[in-house]
Amino acid sequence: ENEEKERMMIREKIKERLASTENEPPKRRRKKYTRKKEKPKSEQVKDFIDNKRQEAYEKIQANANQAPSYWRFESLFPEPIFDEAAVYRDLYEVTKRDED
């Protein structure tokens, strides 16, 4: 019973708020910003480069069905390369140096 009363009170409050906003005049929209000066050359170059990169990215994504090698998950983990000199250096060189 108490829950039903609370729900009814909440519904009435919502109706009151909605009714009060219906009488208000519509809010004025902000005027769209227009530049007073032309963009500087450096900003134009930056925009041009950004657009080129975005186009290249979208082109790659459009060809995602062919999945270039650098977009495949497996390409993130190449086969390990064992370098015997590096393995020896990492494992034994420090102890050998400490012994001397």
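## Surface and fold

The accessible surface of the protein comes to about 11,200 Å², and carbon and sulfur atoms account for 53% of that area. Accessible areas are taken from the Shrake-Rupley method with a 1.4 Å probe, and for residues only the protein chains shown count as cover. The structure is a predicted model, in which local features need pLDDT of at least 70 and side-chain atom pairs count only at pLDDT 80 or more, while totals for chains, interfaces and linings use all residues. Residues are numbered from 1 along each chain as its sequence is written, and side-chain values use heavy atoms, with hydrogens and water left out.

The protein contains three helices and zero strands, and from the N terminus on its elements run α-α-α. Helices (H or I, at least four residues) and strands (E, at least two) are DSSP runs, numbered from the N terminus. Of the 100 residues in the protein, 1% are buried. Buried means under 20% relative accessible area, exposed means over 50%, and partly exposed lies in between (1.4 Å probe, protein chains only).

## Salt bridges

A search of the whole structure finds three salt bridges. The term covers a side-chain nitrogen of Lys or Arg within 4 Å of a carboxyl oxygen of Asp or Glu. Side chains of opposite charge can pair when their charged atoms come close.

Arg-35 is bridged to Glu-43, with the closest N and O atoms 2.9 Å apart. Arg-35 counts as partly exposed because its relative accessibility is 44%, and Glu-43 is also partly exposed, with a relative accessible area of 28%. Another salt bridge joins the side chains of Asp-47 and Lys-39, at 2.5 Å from N to O. Asp-47 has 22% relative accessibility and so counts as partly exposed; Lys-39 is partly exposed as well, with a relative accessible area of 31%.

## The Lys-46 and Asp-50 pair

Lys-46 lies in helix α2, and its side chain meets that of Asp-50 in a salt bridge (2.8 Å, N to O). Because Lys-46 and Asp-50 are four residues apart in helix α2 (residues 41–62), about one helical turn separates them. Lys-46 counts as partly exposed at 46% relative accessibility, and Asp-50 counts as partly exposed at 33%.

The side chains of Lys-46 and Asp-50 are also joined by a polar contact of 2.8 Å. A polar contact is a pair of N or O atoms within 3.5 Å; within protein, one must be able to donate a hydrogen and the other to accept it, and residues adjacent in sequence count only if both atoms are side-chain atoms.

## Surface patches

Patches are made of residues with over 30% relative accessible area and no salt bridge; like charges are joined within 9 Å, and nonpolar side chains (Val, Leu, Ile, Met, Phe, Trp, Tyr) within 5 Å. A nonpolar surface patch of about 400 Å² is made by Val-87, Tyr-88, Leu-91 and Tyr-92. Leu-91 lies in helix α3 (residues 84–99) and counts as exposed, since its relative accessibility is 53%.

Glu-1, Glu-3, Glu-4 and Glu-6 form a negative surface patch. Lys and Arg count as positive and Asp and Glu as negative, while His and the chain ends are not counted. The place of a charge is taken as NZ of Lys, CZ of Arg, CG of Asp or CD of Glu. Glu-1 lies in the segment before α1 (2–22) and is exposed, with a relative accessible area of 75%.
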